[in-house]
Amino acid sequence: MLKINNLHASVEDKAILRGINLEVKAGEVHAIMGPNGSGKSTLASVIAGKEEYEMTDGEILLENENINEMAPEERAHKGIFLSFQYPIEIPGVSVTNFMKTAINETRKAKGLPDMPANEMLKMIREKSEMLEIDRKFLSRSLNEGFSGGEKKRNEIFQMAMLEPKLAILDETDSGLDIDALRIVANGVNKLRSKDNAVIVITHYQRLLDHIVPDFVHVLFEGRIVKSGGKELAHELEEKGYDWIKEEVNA
Amino acid sequence: MQYTVISLQGLSTENCQLKTEKMELKEKLIASFMAFENLVDIDLPVHDVRSEAIKEFETQGFPSKRDEAWKYTSLNSILKHDYSVFPKRDNHIDYNDIKKYFIHDIDTYKIVFIDGKYSSHLSETTHDGIDVCLMSSALTKTKYRLIIENYFNKIATKDSLTSLNTAFSQEGAYIHIPKNKLVAKPIQIVHFSTGNEAALLVQPRNLIVVDENSHVQIIERHQSLTQNPVLTNSVTEIFANKRAIVDYYKIQNDNENASLIDSTFVNQKQESFASVHTFSFGGKLTRNNLNFYQNGERIDSTMKGITIIGNKQHVDHNTLVHHIEPNCESHQDYKGIYADSSTGVFNGKVLVDKDAQKTNAFQANNNILLSDKASINTKPQLEIFADDVKCSHGCTIGQLDESAMFYMQSRGIPEKEAKALLMFAFSNNVMNSVKIPEIKQRITKIIANKLGVNIGFDL
């Protein structure tokens with residue numbers, strides 16, 4: 001599904017990612033953990049194609065196709081989805097219209113006609129029910145005045161609508177109370193299949209109790225310094241990151 | 001806030017050269033007035049008004065950047081042409097060639113002019129209970145004399161360009177809605193210029209009188225059909241009498257050699273509602289002077305605009321709302337998007353008299369600059385003499401939000417469409433108050449065309 005080889009990236013000439021290697025196969029869930037400033041969100045943004053980050057070396061392959069030069073929307077059309085740590089407020093654009101535009105633009109890119117209105121409405125209803133989203137919420141301006149939990153639920157709602165091959169959840173658990181966390185995690189779990197993959201970026205273990213990873217990677221100073229199974233996440237929760245730093249520096 | 005920097009050296013040489021050009025056009029116009037007097041009935045009372053006005057213009061001349069009200073808008077580039085003041089012959093256009101410039105999917109009255117002359121075959125006027133006809137008839141026929149005496153040139157100011165229009169006032173739209181009439185069909189006033197003249201100056205003069213309890217909707221458009229320079233100096237006087245409702249829509253999407261100076265004066269009586277929406281999407285230079293006078297209590301005045309321009313286009317909105325009596329409201333909301341080397345001006349004045357207690361006056365001007373070379377000068381002016389009022393104003397200048405762009409692109413919306421969606425959202429507040437759905441659709445389509453996108457946003 002996703003293969004990253006020797007990825008280096010910098011922003012304003014400051015090197016953030018310094019040689020990332022990662023392979024995510026279909027059906028897998030990978031967790032990326034690490035202390036603040038280790039490059040987790042940068043990695044997510046670089047995979048999604050944010051222009052402020054300059055890839056200075058390496059390659060990103062999606063289903064064996066090099067996507068280094070692709071615009072964010074082209075990557076989205078190929079099935080990459082990034083759930084934002086801080087979803088952007090867009091006043092004047094309703095959730096429903098935003099979704100309609102996103103879905104139909106993706107279909108257009110694939111040479112498909114617009115989704116019929118009744119099909120779209122049915123899909124919106126099903127997915128919003130799954131995430132326990134109030135219908136009224138859908139006619140509000142995108143993320144404007146949403147609480148932290150509503151914003152994150154709305155991100156997963158969009159993921160459900162777009163049915164990506166590779167979903168990257170960037171700190172999706174931050175700002176969620178336990179009920180919202182459960183709803184969001186259930187949503188993600190329902191969307192999991194043998195054909196798609198999920199990368200969960202998180203600082204804490206608690207989301208990983210709900211979305212159980214197959215692999216856990218520790219990112220530190222722009223490199224993956226340790227990989228393991230789900231038990232690694234528990235170890236990090238217990239012991240913090242200092243022992244990793246010591247190991248790396250030793 | 002971004003201000004245009006002008007080198008002093010450049011300005012002084014420009015001014016010298018300009019002086020001769022301006023003199024030429026000014027003198028030509030004064031000379032033309034004598035020729036004009038041979039064409040009209042100089043025994044009518046209106047002619048005294050014209051004679052006074054030409055003297056006023058002669059004294060003042062064209063405005064220059066030294067005038068405070070014209071500080072950011074230079075007429076230099078448009079006054080250099082040798083304009084024809086009287087088109088030589090009647091010009092014909094086929095309806096099918098120009099259908100697209102009308103709101104044609106609804107039934108409307110139409111008052112259509114070609115090169116300043118009335119086109120009866122393109123028009124649909126009426127005298128059935130209401131008068132939707134020509135200024136030239138209203139000025140000359142006795143049955144309109146009372147209205148002309150009471151209303152003509154009663155609120156138009158004496159500034160130079162308005163005076164110039166008054167001096168040559170002869171043709172335009174005349175609309176009189178007697179009391180208790182709900183005019184079901186909107187009225188379209190459309191001016192075409194054919195380019196049969198090398199350069200053309202037209203000066204339409206409109207008078208709109210809406211009596212007690214009546215409601216009318218008017219759409220105005222100026223359209224040049226060739227690349228020959230056209231300058232339109234238009235003046236419209238609108239009277240909204242007691243409890244009248246007047247909704248006015250100005251669609252400005254002209255080509256790169258057409259310029260428009262549009263002065264609109266609105267006099268409102270108690271409990272009336274008047275709105276002017278101005279959509280400025282094209283033209284070389286567009287200056288909108290919009291003046292509202294509230295002569296009564298519980299009046300609502302609404303001025304809204306969307307400006308989306310590029311290249312070297314220039315749009316200047318100059319508004320005034322004069323709160324004279326208590327318990328009235330005014331709402332101003334202007335959105336501007338400037339690309340390339342385009343320039344914009346917003347100068348919004350709110351004047352609240354001492355007696356105008358409990359006034360609610362709101363003003364907003366928000367702008368997006370899409371390029372480093374684009375600029376906007378925005379200047380809210382509030383002069384408040386009453387002590388129990390609510391007045392607010394705010395202006396912003398910014399760029400398109402990069403993080404919003406990435407967010408939308410990451411969901412599969414291409415850059416161009418994402419930009420368009422942000423711009424539609426930005427102007428949505430203004431679109432929401434447009435009452436005629438067909439106008440909303442048309443404006444949406446014009447904006448989509450301008451932005452090169454093909455999405456039916458229904459925000």
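Start by selecting chain A: among its contacts (heavy atoms within 4.5 Å) between residues at least 6 apart in sequence, 68% join residues at least 24 apart. Before going on, note that this is a predicted model, where local features need pLDDT of at least 70, side-chain atom pairs count only at pLDDT 80 or more, and totals for chains, interfaces and linings use all residues. Residues are numbered from 1 along each chain as its sequence is written, chains are lettered from A and ligands numbered from 1 in the order in which they are written, and side-chain values use heavy atoms, with hydrogens and water left out.

**Chain A as a whole**

Switch to a cartoon view and you will find nine helices and twelve strands in chain A; these are DSSP runs numbered from the N terminus, helices being H or I of at least four residues and strands E of at least two. The C-alpha trace of chain A spans about 60 × 40 × 35 Å along its principal axes. Colour by burial next: 55% of the 250 residues in chain A are buried (under 20% relative accessible area, with a 1.4 Å probe and protein chains only).

**Where A meets B**

Now show both chains. Here 32 residues of chain A are in contact with 23 residues of chain B. Between chain A and chain B, the buried area is about 2,200 Å², of which carbon and sulfur atoms give 64%; this is the accessible area (1.4 Å probe) that two parts lose on being put together, summed over both. Pick out Glu73(A), Ile88(A) and Glu105(A), which supply 22% of the area that chain A buries against chain B, more than any other three residues.

Next, zoom in on Glu155(A) and Arg411(B): they form a salt bridge, with the closest N and O atoms 2.8 Å apart. The term covers a side-chain nitrogen of Lys or Arg within 4 Å of a carboxyl oxygen of Asp or Glu, and the count between chain A and chain B is one.

**A stop inside chain B**

Finally, select Ser301(B), in strand β14 (residues 300-309) of chain B. Is Ser301(B) buried or exposed? Ser301(B) is buried, with a relative accessible area of 0%. Show side chains, and you will see that of Ser301(B) in contact with Gln268(B), Phe292(B) and Val321(B) among the residues that Ser301(B) touches, not counting residues up to four places away in sequence.

Terms used: Buried < 20%, exposed > 50% of the residue type's maximum accessible area, 1.4 Å probe, protein only.
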